Protein chains: 2
Amino acid sequence: MKQLEKVILEKGRVLNDEVLKVDSFINHQVDPEVIEQITDYFVEQFKDTKIDKVLTIETSGLPIAYSVALRLGVKMVFAKKSKSQIVDDNIYQEEVRSFTRGTVSNVTVAKNYILKDERILIVDDFLAMGNAAIGLINLCEKGGAKCVGFCAAIEKSFQGGRKLIEAKNVPVVSAAIIKSFTNGKPVFEE
Amino acid sequence: MKQLEKVILEKGRVLNDEVLKVDSFINHQVDPEVIEQITDYFVEQFKDTKIDKVLTIETSGLPIAYSVALRLGVKMVFAKKSKSQIVDDNIYQEEVRSFTRGTVSNVTVAKNYILKDERILIVDDFLAMGNAAIGLINLCEKGGAKCVGFCAAIEKSFQGGRKLIEAKNVPVVSAAIIKSFTNGKPVFEE
């Protein structure tokens with residue numbers, strides 16, 4: 001998606017060989033114009049897919065996930081993060097490791113909100129190593145739902161997350177795919 | 001807003017004399033139809049007010065704040081919560097006490113995203129004792145911006161937050177105002 005690549009080149013800040021800050025338009029300040037362009041792209045990619053619900057994880061994925069759900073006319077659910085395992089029969093939980101932050105979170109969804117045979121589209125801001133994605137896909141599986149796709153606004157393809165997701169037969173769609181950071185600039189996949 | 005009151009009566013769960021769970025349509029699962037009705041109401045109330053930006057706090061306020069920002073054609077900023085004070089000259093921070101949870105959070109916004117003389121509308125899911133609201137208003141003041149209004153989807157008027165906000169000359173608009181929970185049911189202001 002050339003539009004998003006342009007915004008990333010103009011407004012993203014490359015902190016090192018692995019980290020891109022997008023806090024002026026996605027992660028802290030949110031630019032609806034950019035979010036709506038990303039939404040257009042995702043909705044177009046999945047226009048022939050039946051989708052019952054959109055799932056994301058708090059926090060930065062929420063605006064995009066909300067926008068996609070609104071456009072599709074379905075509900076959105078955001079998984080919550082907690083520091084530790086929760087003792088509660090009414091929730092599904094998965095441990096998710098963040099390599100960027102060096103933390104382990106427990107990611108939870110109330111059982112009421114992932115239902116058997118639901119067709120769920122996962123939407124998030126970033127795809128890096130795929131740990132959060134796999135955690136969310138596993139939550140869908142625990143509820144007997146089917147994850148019909150994973151959408152990321154920005155994929156860092158050199159971190160390998162896509163393979164893990166595709167190995168679960170879940171199609172991946174990213175609005176911008178960065179194959180490396182070279183001389184402090186993102187280089188996009190052709 | 002009668003539509004929202006109806007949804008609250010149908011789908012909200014009163015846990016005790018102070019806590020209403022709205023996790024089937026706002027707080028965990030998000031129903032875009034309800035969020036858009038709330039957005040319509042807020043936008044109508046502020047149709048004669050110049051607004052440069054929408055501010056909220058992670059996490060549950062994000063979908064409504066995003067929707068309002070999209071409608072107004074302005075950017076949205078979400079303040080972040082951390083456990084402890086952060087040493088960073090590039091952020092504004094405020095301590096916010098949550099009586100519901102018995103916790104104290106440090107709420108932060110990067111200085112880049114609250115600018116002098118900006119006219120900011122704050123949007124959140126709940127107004128209870130007003131602590132988060134006051135924290136956000138103080139963040140606006142620290143940046144030299146003007147908070148032109150505070151919008152809550154659901155206000156629990158018996159917890160007194162409105163007075164604190166109005167004492168700062170910030171108008172308060174709530175889509176539904178609960179004056180008490182009686183026999184396990186919310187009772188709305190006329």
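**Entry 1**

I start with a rule: a residue is buried if 20 or more other C-beta atoms lie within 10 Å of its own, and exposed if 12 or fewer do. I also note that this is a predicted model.

With that rule in hand, I looked up helix 1 of chain A, residues 2-11. Which of its residues are buried? I found A:Leu4, A:Val7 and A:Ile8.

Next I asked what the buried residues of helix 1 of chain A pack against. My list has helix 2 (32-45), strand 9 (146-156), strand 10 (172-182) and strand 11 (185-188) of chain A. On the other side of the helix I noted A:Lys2, A:Lys6, A:Leu9 and A:Glu10 as exposed.

**Entry 1: chain A as a whole**

I stepped back to view the whole chain. I counted 5 helices and 11 strands in chain A. The radius of gyration of chain A is 16 Å, close to the 16 Å that the globule rule gives for 190 residues, so I can call chain A as compact as a globular protein of that length. Along its principal axes, the C-alpha trace of chain A spans about 50 × 35 × 30 Å.

How much of chain A is buried? I wrote down 47% of its 190 residues. I also looked at contacts in chain A between residues at least 6 apart in sequence, and 61% of these join residues at least 24 apart.

**Entry 2: where the two chains meet**

Now for the contact between the chains. I found 19 residues from chain A and 19 residues from chain B in it. On the side of chain A that touches chain B, strand 3 (29-30), helix 3 (62-72) and strand 5 (75-82) each supply at least two residues. Helix 3 of chain A gives the largest share, 5 residues. Sorting that side of chain A by class, I got 12 nonpolar, 3 polar and 4 charged residues.

I was pleased to find strands pairing across the two chains. Strand 3 of chain A runs antiparallel to strand 5 (residues 75-82) of chain B, and 2 bridges join them. I spotted A:Gln29 opposite B:Val77 in that strand of chain B.

How are the two copies related? I laid chain A on chain B with a turn of 180 degrees and a shift of 0.0 Å along the axis, and the RMSD came out at 0.0 Å. The two copies are thus related as by a two-fold rotation axis. I also see that 100% of the interface residues of chain A are interface residues in chain B too, so the copies meet through the same surface.

**Entry 3: strands and hairpins in chain B**

I followed strand 6 (residues 91-98) and strand 7 (residues 103-110) of chain B, which pair in the antiparallel sense over 8 bridges. These two strands form a hairpin with 4 residues between them, and B:Gly102 in the turn has a positive phi of about 65 degrees. B:Ser98 has B:Thr103 as its bridge partner. Is B:Thr103 buried or exposed? I counted 11 C-beta neighbours inside 10 Å, so B:Thr103 is exposed.

Further along, strand 9 (residues 146-156) and strand 10 (residues 172-182) of chain B pair in the parallel sense over 6 bridges, and I noted B:Ala152 opposite B:Ser174. Strand 10 of chain B is also joined to strand 11 (residues 185-188) by 4 bridges, and this pair runs antiparallel. Here B:Thr182 stands opposite B:Lys185. Strands 10 and 11 of chain B form a hairpin with 2 residues between them.

B:Asn183 has a positive phi of about 50 degrees although it is not a glycine, and with 6 C-beta neighbours inside 10 Å it counts as exposed. B:Asn169 is not a glycine either, and its phi is positive at about 60 degrees. I placed B:Asn169 in the loop between helix 5 (161-166) and strand 10 of chain B, and B:Asn169 is exposed, with 9 other C-beta atoms within 10 Å.

Last, I looked up cis peptide bonds. The bond from A:Glu58 to A:Thr59 is cis, with omega near 10 degrees, and A:Thr59 lies in the loop between strand 4 (53-57) and helix 3 of chain A. In chain B, the bond from B:Glu58 to B:Thr59 is cis, with omega near 5 degrees.

Definitions and conventions:
Residues numbered from 1 in each chain as written. Chains lettered and ligands numbered in written order. Predicted model: local features only at pLDDT ≥ 70, side-chain atom pairs only at ≥ 80, totals over all residues. Contact = placed C-beta atoms within 7 Å. Nonpolar A, V, L, I, M, F, W, Y, C, P; charged D, E, K, R; others polar. Pairing = 2+ DSSP bridges. Least-squares fit on C-alpha atoms with pLDDT ≥ 70 in both. Rg over C-alpha atoms; globule rule 2.2 N^0.38 Å.
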